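Please look at the sequence and the model below, then read on.

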Amino acid sequence: MGRRKEKKKKSYKEEVRNIVYSYSDKLPENILQEIETIALREKLEKDELHAFIEECVKEYNNALVEPGEAVGMVAAQSIGEPSTQMTLRTFHFAGVREFNITLGLPRLIEIVDARKSPSTPITYIYLDEKHRYDEEKAKEVARRIELTTIENVASEWELDYLTSTITIRLDPEMLADKGVTAKDVVKAINKIKGKKGKVWMEDEYTVIFETEITDMSKLKRMLDRVKDLRLKGIKGIRKIILRPVKTEDGKVEYMLVAEGSNFSAILEVEGVDPTRTITNNIVEVAEVLGIEAARRVIIKEMQEVLSEQGLDVDIRHIMLVADAMTYTGQVRQVGRHGVAGEKISPLARATFEVTVKHLTDAAIHGEVDQLTGVVENVIVGSAPIPMGTGLIELLMIFPRKKGGEG
Amino acid sequence: MSNIEFQTTTRIAAIKFGLLSPDLIRKMSVTAIVTSDTYDEEGMPIRGGLMDRRLGTIEPGVRCETCGNYTGQCPGHFGHLELARPVIHPEFAKKIYILLRATCRYCGRILLPEEEIKKELEKRKRLEKIWIHFKYRHAERIAKKAAKNSECPYCHAKQYKIKFEKPYSFYEEREEGTAIKLTPSDIRERLEKIRDEDLVLLGIDPEYARPEWTVLTVLPVPPITVRPSITLETGIRSEDDLTHKLGDIIRVNQRLKESIEAGAPSLIIDDMWELLQYHIATYFNNELPGIPPAKHKSGRPLRTLAQRLKGKEGRFRGSLAGKRVDFSARTVISPDPNLSINEVGVPEEIAKILVIPEKVTEWNIEELRKLVKNGPYKHPGANYIVRPDGARVDLRYVRDLEALAETLAPGYIVERHLKDGDVVLFNRQPSLHRMSIMAHKVKVLPYKTFRLNLLVCPPYNADFDGDEMNLHVPQNEEARAEAKVLMLVQEQILSPRYGGPIIGAIHDYITGGYMITRKDSLLTKEKAATLLYETGYEGEMPEPAILKPGEMWTGKQIISIFLPPDLDFEGKCAICEKCDTCLFEDCPYDAYLLIRKGEILAGVLDKASIGAQKSETLLHVIVKKYGTDKAREIMDTMFKTFILYLDLKGFSMSLDNLDLPQEAREEVAKVLSEVEKEVDEIIKKAARGELQPKPGMTLRESLENEILNVLERAREEAGRIASRYLGLNNSAVLMAKTGARANILNITQMTACLGQQSIRGKRISRGYLDRPLPHFKRGDIGPRARGFVYGNFKEGLSPTEFFYHAMAGREGLVDTAVRTAQSGYMYRRLANALQDLYVAYDGSVRSAEGSVIQLRYGEDGVDPAKSYHGRPINYDLILQRIKSRKVK
């Protein structure tokens with residue numbers, strides 16, 4: 001009995017699948033999948049299923065964009081209009097209250113500007129199978145990444161102008177926490193370019209650096225330089241927070257959130273899962289992972305900014321902006337030095353910004369404006385503008401009158 | 001067939017950019033300009049002067065001596081000025097510099113060996129095919145590469161380093177270390193020697209832009225139409241800035257010419273030459289870096305050619321991309337709930353000025369005759385008649401309108417007044433999205449304001465505190481048809497931004513919707529009938545829900561009349577208390593809306609079901625399922641009953657609504673005093689050094705954070721106390737809970753406690769030394785001293801509290817001002833970057849140049865405006881349909 005039921009169930013599943021996928025030429029894959037799950041949930045019968053899918057096809061076709069639709073303008077409006085409602089100067093906290101990230105309008109502007117480095121770069125580091133479930137191991141990775149300078153592990157400084165020595169007293173707790181020793185400190189100081197003088201360990205927690213600098217201000221500068229010496233970690237990564245997150249299968253894994261970004265270096269650190277680790281620095285992602293990844297980051301970042309402000313914007317508009325910024329294979333900013341400044345039409349460029357330069361350049365290059373865009377046609381006053389209903393050209397052939405010239 | 005008119009239209013196919021060659025300048029010139037004088041003693045323009053009659057005419061009634069046309073028809077004609085010595089065009093100085101460095105000073109060849117040129121040409125061909133901009137980038141690289149070569153590969157001449165001094169001076173640095181100035185004549189000579197083939201590689205089109213043309217020998221003198229003089233009331237003529245500048249140029253040029261002829265010392269000639277260069281440079285651009293701008297007599301800098309083109313008010317942005325129009329009107333707006341959402345109330349005075357040209361046919365001749373008889377001053381009238389021969393008759397000056405009306409015949413055009421039902425475009429600035437301009441149907445009304453239905457306020461973002469709006473009248477059938485089909489208000493209910501209704505209930509509509517659907521709203525026959533009558537309902541009354549003591553109808557019943565009979569809907573209301581376990585339609589607060597077969601069975605209507613700018617609501621389902629016509633009908637009828645019901649029942653909010661009972665006030669005070677103690681404790685603890693700093697924060701930051709948290713909790717607690725004593729029978733709370741206006745926080749602030757005032761997200765700390773205000777002790781970091789307001793709006797704030805509140809309020813105002821500027825600029829950039837993108841017939845998104853931006857719009861080709869909150873298919877609705885079909 002039980003087995004038969006099982007078999008029947010299975011065949012029903014298969015049947016649904018067959019029916020659903022027989023429509024694969026009419027509906028996209030993701031919709032077919034959705035229909036399949038709904039059909040199984042609702043236990044639709046064969047004729048119902050057919051009727052259901054037919055209706056879906058109808059509705060899908062009704063929802064398609066009309067050719068000629070000015071989707072670019074609609075996207076610009078859909079992002080530009082709500083941006084007036086956004087809060088300015090929002091420094092918000094990323095999840096936990098450890099550090100702030102720029103959000104709101106300033107961040108949105110940053111994204112469309114495709115800045116070389118965002119004002120608050122953040123890297124979300126996921127760990128590999130070996131390290132992700134154990135807090136200690138995760139911390140170990142964090143230590144490898146977090147930039148540790150001498151300043152971080154020192155408790156006290158002494159600057160003796162008479163003997164021109166710098167005495168560094170190290171904090172044993174911090175040393176242990178960061179996993180460095182006084183030896184590392186000595187090594188780091190020894191690496192200073194053009195260093196003169198001697199360095200030695202007085203005891204386990206004291207390092208003395210006898211410089212030969214006599215100039216007081218120079219000595220002071222040397223102290224600052226020593227403070228900033230890198231002992232461990234990756235340049236540009238100031239602070240790391242360990243964060244437990246629930247995985248899909250209910251387990252708890254540890255991930256790292258790092259302030260600062262040095263993407264290519266972080267990906268090479270042992271214990272880091274390079275397939276999931278990501279940063280909010282768009283230009284860096286484009287350099288390291290390529291343009292498709294950069295596009296995805298633009299979309300994700302914009303979505304986050306908008307939804308954090310409680311603004312409802314369709315993802316298609318955001319995707320269009322991201323695609324317009326990336327379709328050339330490079331990340332281009334929305335603006336004078338990017339998308340808007342590299343249009344083919346000299347008139348369109350002149351209308352946007354730096355009018356005279358674009359005109360003189362066009363003259364000397366002998367450029368031709370083919371009048372294919374919107375502004376160009378507004379300027380010359382030609383109706384219709386080649387978009388929307390203006391895209392259609394109608395040629396009417398009148399029946400010729402017999403004998404007449406028609 | 002015979003009266004079909006064929007219109008041939010000439011269209012500009014393309015525009016080629018290039019430089020004017022001296023020959024061309026001379027050829028297109030009607031006269032050489034020889035004197036800087038403009039008029040003689042009698043005020044007549046001097047021949048050969050700057051205002052020569054042959055250059056065009058701007059005076060009414062005077063024929064142009066070149067083309068014979070009057071003002072308006074005469075396009076104006078160029079003259080020219082022969083320069084005594086060549087002069088550099090300042091805008092091309094940089095290009096000249098690049099060319100001078102990239103080419104040989106002796107033979108003019110590009111400083112690259114033959115084989116390299118060949119290689120680069122190949123490369124260029126490849127790049128050009130990919131993207132035209134690569135061509136110019138490549139040219140820049142070539143120029144840089146060539147400039148590195150210090151010896152000509154062809155004539156082996158040694159190349160000197162050329163120094164460019166902005167804006168237009170060039171020096172050649174010889175070996176001895178002396179810099180020799182290159183005169184424009186030297187430069188021109190060198191540029192002349194550059195071969196055409198080499199220029200192509202440098203990104204220059206030699207046919208249209210020989211480089212030596214950037215060094216001017218002849219100056220085109222623009223027509224007078226470009227620089228009209230204005231006559232002031234006093235009769236004094238005031239010349240255009242350009243005319244002044246041209247006068248300067250001609251004068252200096254004349255002196256230079258004379259000096260040269262007289263054989264003056266070269267020092268003097270060079271000086272004058274430099275002066276001519278200055279005048280011509282500022283004639284082109286008066287904002288060149290490094291040279292003082294030319295000034296008007298009054299000290300105002302002259303607005304010369306570059307300034308005319310540049311910027312927001314310049315020719316491009318101000319005159320070409322943004323044009324002024326006729327057939328438009330603007331006035332203050334005011335609300336009128338009796339209009340349909342598709343309508344706009346137009347004052348009769350405006351309707352009598354705005355006209356629509358209507359062609360007389362056999363079918364409308366009688367109608368139009370009536371209009372003509374009414375004339376221009378009586379409302380449904382007409383202002384002009386255009387006869388088939390093109391003659392216009394102004395009806396203001398016609399004595400016998402009756403007689404004229406009779407002469408009307410098919411083929412005439414009557415420019416008639418705006419009348420009810422005409423389609424017009426209605427707009428409110430800032431036009432941030434396409435719903436800022438929508439088509440409305442005219443309803444001519446008395447008084448002087450535009451009237452609009454309140455439901456269309458959200459898309460326009462309009463209110464009635466003095467807002468003005470614009471109205472435009474489409475002038476031909478094509479435009480009217482497009483407006484009606486695409487832009488009519490009802491077609492814009494769904495926003496393309498999020499695929500949900502942007503038009504929906506606001507304010508009183510929500511309050512009314514809630515009140516009428518509340519369980520306790522029972523209507524007598526008289527009231528129910530009044531409501532239904534006002535909406536124009538003509539059907540049967542439903543069975544009364546209550547028969548004794550008298551026939552009564554529930555509000556839900558009355559509202560259900562307007563719902564389509566096969567409508568099913570369910571969802572949580574805005575007044576939902578968010579219980580732990582939802583009882584759905586058995587909700588004790590009646591906060592779960594259940595509609596079956598067009599009957600409201602449970603729940604109330606509020607923001608969550610009929611509100612504007614909300615997705616996946618009852619309203620949204622109606623628009624999607626029954627179309628925009630039905631949605632409009634419901635908004636014009638059902639929504640109207642909401643406010644009518646409010647009128648009948650009466651609804652008001654007063655100061656009394658903000659009264660808290662004595663015990664509540666005491667409770668709030670207790671909470672606040674406790675919190676003050678708590679904060680005190682924290683501060684003391686921090687002073688003792690017992691406070692643990694939070695990760696990533698300094699001790700001070702942690703302390704601030706801790707205090708802020710405690711105070712925030714206190715205000716929340718105060719709010720909870722307040723809302724415990726205030727219920728839905730309180731008008732203010734009712735409005736907040738239903739989503740009509742304000743929120744619970746606002747009510748807390750009015751009744752209980754205003755809470756922490758903040759600047760830049762922190763407690764107020766700046767002002768005097770160690771204290772924000774002199775009312776406090778130095779270093780006091782208690783709540784009161786740092787901007788925590790214990791008071792509320794009802795009872796009033798203390799002076800210090802008031803001041804802190806004003807500080808925070810000011811920050812808000814400044815923020816808004818900065819934000820609008822910033823977001824405005826971002827929007828402009830986005831719009832400029834994306835405006836040319838459209839969906840092509842193959843479903844891909846393309847730019848103006850034809851590049852593919854997306855292979856399929858939005859990856860699935862779905863229009864967000866036609867989607868159901870982003871999703872192309874609403875499976876639930878389809879399932880419902882399928883299942884109901886099965887039941888049948």
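## A pairing across the two chains

A:Asp369 has B:Ile15, in strand 1 of chain B, as its bridge partner. The model is a predicted one.

## The side of chain B that touches chain A

The contact between the chains involves 90 residues of chain B and 91 residues of chain A. Several elements of chain B each supply at least two residues to its side of this contact, among them strand 1 (15-16), helix 4 (132-148), helix 9 (305-309), helix 10 (315-320) and helix 26 (875-887). Strand 30 (838-839) and strand 32 (852-854) of chain B also belong to this group.

Helix 25 of chain B gives the most, with 14 residues. Sorted by class, the side of chain B that touches chain A has 46 nonpolar, 21 polar and 23 charged residues.

## Confidence in chain A

Chain A has an average pLDDT of 83, and 92% of the residues score at least 70. Confidence in chain A is lowest in strand 1 of chain A (residues 90-93), where the mean is 53, and highest in helix 14 of chain A (residues 315-326), at 95. Where pLDDT is low, the predicted coordinates should not be read in detail.

## Domains of chain B

The domain assignment of chain B gives domain 1 (88-215), domain 2 (328-501), domain 3 (507-649) and domain 4 (655-795). The centres of domain 1 and domain 4 of chain B, taken over C-alpha atoms, are separated by 71 Å.

In chain B, three strands form an open sheet in the order 3-4-5, with antiparallel pairing. Strand 3 (161-165) and strand 5 (179-182) of chain B are the edge strands, each pairing on one side only. On average, neighbouring strands of this sheet are turned by 30° against each other, direction ignored. Helix 2 of chain B (residues 93-102) packs on the sheet and touches strand 3 and strand 4 of chain B. The direction of helix 2 makes about 175° with that of strand 3 of chain B.

Strand 4 of chain B (residues 169-173) pairs with strand 5 of chain B in the antiparallel sense over four bridges. Here B:Glu172 stands opposite B:Ile180 in strand 5 of chain B. The hairpin of strand 4 and strand 5 of chain B has five residues between the strands, and B:Gly177 takes a positive phi near 95° in this hairpin.

Another open sheet of chain B has three strands in the order 23-24-25, and the pairing is antiparallel. Its edge strands are strand 23 (569-572) and strand 25 (599-602) of chain B, each of which pairs on one side only. From one strand to the next, the twist averages 20°.

Strand 24 (residues 592-596) and strand 25 of chain B pair in the antiparallel sense over three bridges. B:Arg596 stands opposite B:Glu599 in strand 25 of chain B.

## Helix 22 and its partners

Two packed helices are described by the angle between their axes and the distance between the axes. The axes of helix 21 (residues 662-687) and helix 22 of chain B come within 10 Å and cross at roughly 170°. That angle makes helix 21 of chain B roughly antiparallel to helix 22 of chain B. Residues of helix 21 of chain B in the contact include B:Val668, B:Val671, B:Leu672 and B:Val675, and those of helix 22 of chain B include B:Leu703, B:Ile707, B:Val710 and B:Leu711. The contact of helix 21 with helix 22 of chain B has 18 nonpolar, no polar and four charged residues.

How do helix 22 and helix 24 of chain B cross, and at roughly what angle? The axes of helix 22 (residues 699-725) and helix 24 (residues 744-751) of chain B come within 9 Å and cross at roughly 90°. The two helices are therefore roughly perpendicular to each other. B:Arg715, B:Ala718, B:Gly719, B:Ala722 and B:Ser723 in helix 22 of chain B meet residues of helix 24 of chain B, including B:Ile744, B:Leu745 and B:Thr748. This contact of helix 22 with helix 24 of chain B has five nonpolar, four polar and one charged residues.

Technical notes:
Residues numbered from 1 in each chain as written. Chains lettered and ligands numbered in written order. Predicted model: local features only at pLDDT ≥ 70, side-chain atom pairs only at ≥ 80, totals over all residues. Axes fitted to C-alpha atoms, helices over the stretch in contact; angles between N-to-C directions. Parallel < 35°, antiparallel > 145°, perpendicular 65-115°, else oblique. Contact = placed C-beta atoms within 7 Å. Nonpolar A, V, L, I, M, F, W, Y, C, P; charged D, E, K, R; others polar. Pairing = 2+ DSSP bridges. Domains from an automatic or database assignment. pLDDT = per-residue confidence, 0-100.
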